[in-house]
Every structure is written in C-alpha cells, then in structure tokens.
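Reader: I am new to this structure and would like to go through its aromatic rings with you. Could we begin with the terms?

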Amino acid sequence: MNIWFLRMDKYTLEEDCFSGSDTFIHSAHGSCGNVDIAKKHKGLFFPKLTKTGKELAKLIREIKEKLIEDDHISLEQSGKRRCDIAIRYWLSVMQIGDLVFIRNKQDKVVFARVTGYICEDFFDSYGCFKRPVEIISQINEQMIPAEIWRRTKGRKTIERNAKKHITDWITNNYESLVNNA
C-alpha cells in the first residue's frame with residue numbers, strides 16, 4: 001500500500017471534486033493540455049494499462065521529449081521537469097486501496113482511499129487522470145504529526161511517501177484517523 005500526498009489546491013479542472021456520488025481526485029499531469037496527444041496514446045491505458053515499468057517510463061519520456069522538441073512545453077515551466085514521474089505515479093504506481101492526503105481548494109485536508117482505475121471519459125475530455133476515491137475523513141493539524149501535516153503543504157503536486165516511520169504511524173493510527181474525524 002502506498003500513501004500519497006496530493007496538492008489539489010494548486011490547480012483544479014472541476015470546482016467540486018468531493019460532492020455526492022462523484023468523489024474523485026485528479027491530476028495536473030497528462031498531456032499538457034494537448035488532448036490530441038492523449039487520444040493518440042489512449043489505447044495504451046484503456047481498458048487497462050498495457051505497458052509497465054521501464055517500457056512505460058521510456059514511452060512517457062519519448063512523448064515528453066517530442067512535446068519539448070515541438071515547443072509545446074519547456075522544462076522551465078513549473079512542474080515539467082518531473083512530470084514524467086507524476087504520470088507514471090497516476091498510471092501504474094497508484095493502486096486501488098492506496099491512501100491519499102488531499103489538500104483541496106478550500107485549504108482543507110481530506111484523507112481518502114483510492115477505489116478505482118483512471119477514468120476514461122475524463123481522460124478524453126482533459127487529457128489527464130482522474131481516479132475515484134472514498135473519503136475516510138477530514139483531517140486537521142492536531143490529528144497528525146507535524147511532519148505529515150507539512151507534507152500536505154509540499155511544493156510537489158503529487159508525492160509518494162517513502163519514509164517508513166510515516167507509513168508506520170499512519171498504519172498504527174488508522175483507526176483513530178477514521179474515528180476522530
């Protein structure tokens with residue numbers, strides 16, 4: 001299980017991501033607004049991902065290099081240096097059952113569980129990724145260690161937790177996060 005930190009306060013494609021039955025998270029990464037590029041490669045992602053690991057990394061790098069070569073993006077633009085890593089996160093690393101801390105436009109932190117694969121309709125419309133989630137609870141600063149709270153305010157739009165002590169803390173305190181919300 002992965003634990004993710006997602007900054008949806010930095011961007012949004014749809015105003016209300018946490019309403020009613022349509023609860024989801026979405027990325028700022030994908031085809032850099034070029035929906036034609038998204039549709040060109042759509043068959044690799046739907047109905048399921050056909051490339052993984054090094055194959056997927058190589059494909060994403062090639063697409064990114066072509067976008068740079070054609071002056072669609074520049075590495076000087078915010079987020080473009082590591083966008084290929086973020087795309088791999090959304091496509092192949094993020095799994096159903098992963099936990100995610102989401103900071104939304106209202107500056108609230110929501111704790112959720114990923115419940116599905118990327119949404120095809122959203123990909124067709126925006127050229128980026130959307131995954132359904134189940135909201136577990138809203139989190140406030142007093143509920144979690146300062147290090148975890150700071151990660152919800154990190155500079156990256158998506159970050160996977162690699163620190164064992166954070167994963168251990170969340171695993172050991174999961175019930176209190178759910179029950180005290």
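Predicted model: local features only at pLDDT ≥ 70, side-chain atom pairs only at ≥ 80, totals over all residues.

Author: A charge sits over a ring if NZ of Lys or CZ of Arg is within 6 Å of the ring centre and within 35 degrees of the ring normal. Residues are numbered from 1 along each chain as its sequence is written, and side-chain values use heavy atoms, without hydrogens and water.

Reader: Over the ring of which residue does the charged end of R103 sit?

Author: By that definition, the charged end of K130 sits over the ring of F24, 4.1 Å from its centre. For R103, the charged end is 4.9 Å from the centre of a ring, and that ring belongs to W149.

Reader: How many aromatic pairs does the structure hold?

Author: Rings of Phe, Tyr and Trp (its six-membered ring) pair if their centres lie within 6.5 Å, and planes under 30 degrees apart count as stacked, over 60 as edge-to-face and the rest as tilted. By this rule, the number of aromatic pairs is eleven.

Reader: Are the rings of F5 and F101 stacked or edge-to-face?

Author: F5 and F101 are both buried, that is, under 20% relative accessible area, where over 50% is exposed and in between partly exposed (1.4 Å probe, protein chains only). Their ring centres are 5.4 Å apart and their planes at 10 degrees, so the pair is stacked.
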